[in-house]
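Have the model open beside you as you read.

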Amino acid sequence: MKIIGFADYYISEWHADNYPSWIKQANDEMGADFEFRYIWAELDKSPKDGISTDEWCEKHGAIKCNSLKELCEKCDHVFVLAPSDPEKHLEYASEVLKYKNNTYIDKTFAPDYATAKQIFDIAKQEGTKFFSSSALRYASELDDLRNCNGVITYGGGSNLDEYVIHQAEMVVKTMGAKAEKVRVEKQGKNQYVCSVAFKDGKSATMLFDPSYGFGICAEKENGQSVSRAINSDFFKSLIADILAFFKTGGTSFDTNETLEVIKIREGVVKAKSSLGEWIEL
């Protein structure tokens, strides 16, 4: 039996609440031998709902560790969570990656490109395999979209800074090109239009509104245009891919794309302060 643990800033949050049941489901469907068992959280109480680590563990049948070191020593694989606090990932990853076990680091992978590169360098130095991704990469609606001539993505969330990562992931997966610069324009109080220019002359547009579901409009390499709402069960597909990675150490995509995603996300955050201006990446 391979034991999985969660490292989080505070444990009572949406990802930690849902991942245990999805891990069990994926494990059963794959006929694998993984079991979620341990957690460690830096904060004892969630600032979101006030639920303590002990209360969460009782609800989810988990065992609390008193330190990140203890978690790593007891687990074969670790999910580094803190999805809303990517500034914590470098600190957590620096400890977790020492143990040389295949590791998953949740979105948003890092607050900026420089920090993302630091985590990659630590993993290389330690000889530890890891990957990170937004779950939107696993939307089946994107599976036949590669090297597109252009895409328009749309999606929502509570704020652009955190949730644009999903659209950036979709753009990088479907465009297959290197981003060069971004521009952000604002409509009303909460709508944003984010333009991404690529070095090969292609472009993408990311539309953000808090009320949006996710979707994509794409022009394929052959000129065919498609428009699709994202309705597939992408989170469960992500969990299945994580377990496959834990087992084999092989990823289903080039992990350098994660750096590209973070580069775009960082550019968007910067461009919010200079609306209408192109920001070089």
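## About the model

This is a predicted model, where local features need pLDDT of at least 70, side-chain atom pairs count only at pLDDT 80 or more, and totals for chains, interfaces and linings use all residues. Residues are numbered from 1 along each chain as its sequence is written, and side-chain values use heavy atoms, with hydrogens and water left out.

On a 1 Å grid over the protein atoms alone, a cavity is a set of points where a 1.4 Å probe fits but cannot get out, and lining residues have an atom within 4 Å of a point. The structure has 1 cavity of 30 Å³ or more; the largest cavity has a volume of about 50 Å³ (the space filled by probe spheres set on grid points joined across faces, edges and corners).

Its lining includes Lys 107, Ser 133 and Glu 169. Helix α8 (256-271) contributes the most, 3 residues (helices are DSSP runs of H or I, at least four residues, numbered from the N terminus).

## The open pockets

A pocket is an open set with protein on both sides within 12 Å along at least five of seven lines. The largest pocket has a volume of about 350 Å³. Of its 22 lining residues, Trp 14, His 15, Lys 107, Glu 162 and Tyr 163 are the closest to the centre.

The second largest pocket has a volume of about 170 Å³. Among the residues lining the second largest pocket are Arg 137, Asp 143 and Phe 253.

Technical notes: Helices (H or I, at least four residues) and strands (E, at least two) are DSSP runs, numbered from the N terminus.
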